Structures are given as C-alpha cells and as structure tokens.
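I opened the model to go through it piece by piece. These are my notes, in the order in which I looked things up.

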Amino acid sequence: MFCPFCRHPDSRVVDSRTSDDGTSIRRRRQCPNCGRRFSTTETASLSVVKRNGVLEPFSREKIISGVRKACQGRPVTDSDLAVLAQRVEEIVRSSGASQIDANDIGLAILSPLRDLDEVAYLRYASVYQAFDSLEDFEDAIGQLRIDHHGAAGRTADGAGA
Ligand SMILES: [Zn+2]
C-alpha cells in the first residue's frame, strides 16, 4: 500500500501485533522514502450474503443477538454467547470462503448451540429450520436422545450428518 504522506509505493513493517480476539493484525509501517510511520490493519474479509442479496460484513454481535432470544430464561451467560459466536466464526471461516450465505450461518450456529443448551437449540432450530409440526420437534428431540446414548465415545467435532 502507498505511503499516506508521500504516496511512495513501498513500506517496511516495523512491528506486527495480533488483536486480542485474534481476527486482525495491526502492522506498524515505515516509509523508506519519507521515513514517516503509519499503521495498517489486516483482516480476512468475510461477508454475509443476506436473503435479499445484500452483502454485509460478518458480525459476532449479530450472531449473539440472533441466539440470545432462543436463550431467554436459560442458564446461558453473556460469555457463553461470546464463545458461541467465536465458534461460529471459526466454523464459517474454516470454509475459506470470503462470502457466506446467511442461511449457512444459521446452520453453523446449530451445533455449538446444541452443545451449549439443548432447550435453546430446539427453540432456535424450530425457527431456523421452520418446524411446523410436533413430529419435527419429536425428530429433533429423538436425535438429541440418540446422541446422548453415544455420548460416551463422542468426540468434540459434533459435525452431524
Ligand atoms: Zn512516505
């Protein structure tokens, strides 16, 4: 990137620091032409494609506010939600894509939410997967029961089928 002072096309990195949440890197740079210093922030871009086709930047806050409603009255703390949002971000970023459908984010929320609180999971899944009958709930609950039986040998991946 160009030096913001003299437009010199090259700069030297003098310091790099990862942000506390690990999602961005701040670099201190020095221009070899004019010697002045400036900072850049580097983030892997991740955009969400909404149903109406509009792109918006991925936001953990949006994940949290989307899930919070399903967690009402449940023993779920703000830090639980923060961890959940982080896991969701890891899941969607692991695909390597720079754009992700809002729908796929809903999907990525299900597994960590199930690990966090099964009642909140059922509430969220019933909206997100548009449960429209008791059978849908029974199927989801049945699946949870099956997974409980297999819990002894279960690993942490929780990817599902
Ligand atoms: Zn310069």
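I began at D136, where a polar atom of the side chain lies 2.9 Å from the backbone nitrogen of D132. I took a polar contact as a pair of N or O atoms within 3.5 Å; within protein, one must be able to donate a hydrogen and the other to accept it, and residues adjacent in sequence count only if both atoms are side-chain atoms. The model is predicted, so local features need pLDDT of at least 70 and side-chain atom pairs count only at pLDDT 80 or more, while totals for chains, interfaces and linings use all residues. Residues are numbered from 1 along each chain as its sequence is written, and side-chain values use heavy atoms, with hydrogens and water left out.

**D136, continued.** I placed D136 in helix α5. Helices (H or I, at least four residues) and strands (E, at least two) are DSSP runs, numbered from the N terminus. D136 is partly exposed at 25% relative accessibility; buried means under 20% relative accessible area, exposed over 50%, partly exposed in between (1.4 Å probe, protein chains only). Leaving out residues up to four places away in sequence, D136 touches A130 and F131, contact meaning heavy atoms within 4.5 Å.

**Helix α4.** I then listed the buried residues of α4 (residues 118–128): A120, Y121, L122, Y124, A125 and S126. Their cover includes α1 (60–68), α3 (102–116) and α5 (134–149). At the start of α4, I found a side-chain oxygen of D117 within 3.1 Å of the backbone nitrogen of V119.

**Core.** Which residues touch the most other members of the largest nonpolar core? I found I63, V67, I105, I109 and L113, in a core of 28 residues. Such a core is a set of buried Ala, Val, Leu, Ile, Met, Phe, Trp, Tyr and Cys residues joined through side-chain atoms within 4.5 Å. Two or more residues come from each of α1, α2 (78–94), α3, α4 and α5. Beyond its neighbours within four places in sequence, L113 contacts V67, C71, L84, A120, Y121 and Y124.

**Zinc site.** I read off the protein donors of the zinc ion as C3 (SG), C6 (SG), C31 (SG) and C34 (SG), at 2.2 to 2.4 Å. Donors are N, O and S atoms within 2.8 Å of the metal (3.2 Å for Na, K and Ca); water is not among the atoms, so sites may look incomplete. The arrangement is tetrahedral because the 4 donor atoms subtend angles of 106 to 118°, where the rule for four donors is that all angles lie between 85 and 135 degrees. The spacing along the chain is C-x2-C-x24-C-x2-C. C6 lies in the segment before β1 (12–18) and C34 in the loop between β2 (24–30) and β3 (37–43), so this pair ties together parts 28 residues apart in sequence. I logged C6 as partly exposed at 30%, and C34 likewise as partly exposed at 33%.

**Q30.** A polar atom of the Q30 side chain lies 3.0 Å from the backbone oxygen of G35.

**Whole chain.** I counted 5 helices and 6 strands, in the order β-β-β-β-β-α-α-β-α-α-α.

Notes
Four donors count as tetrahedral if all angles lie between 85 and 135 degrees; four count as square planar and six as octahedral if opposite donors are over 155 degrees apart and all others between 65 and 115; anything else is irregular.
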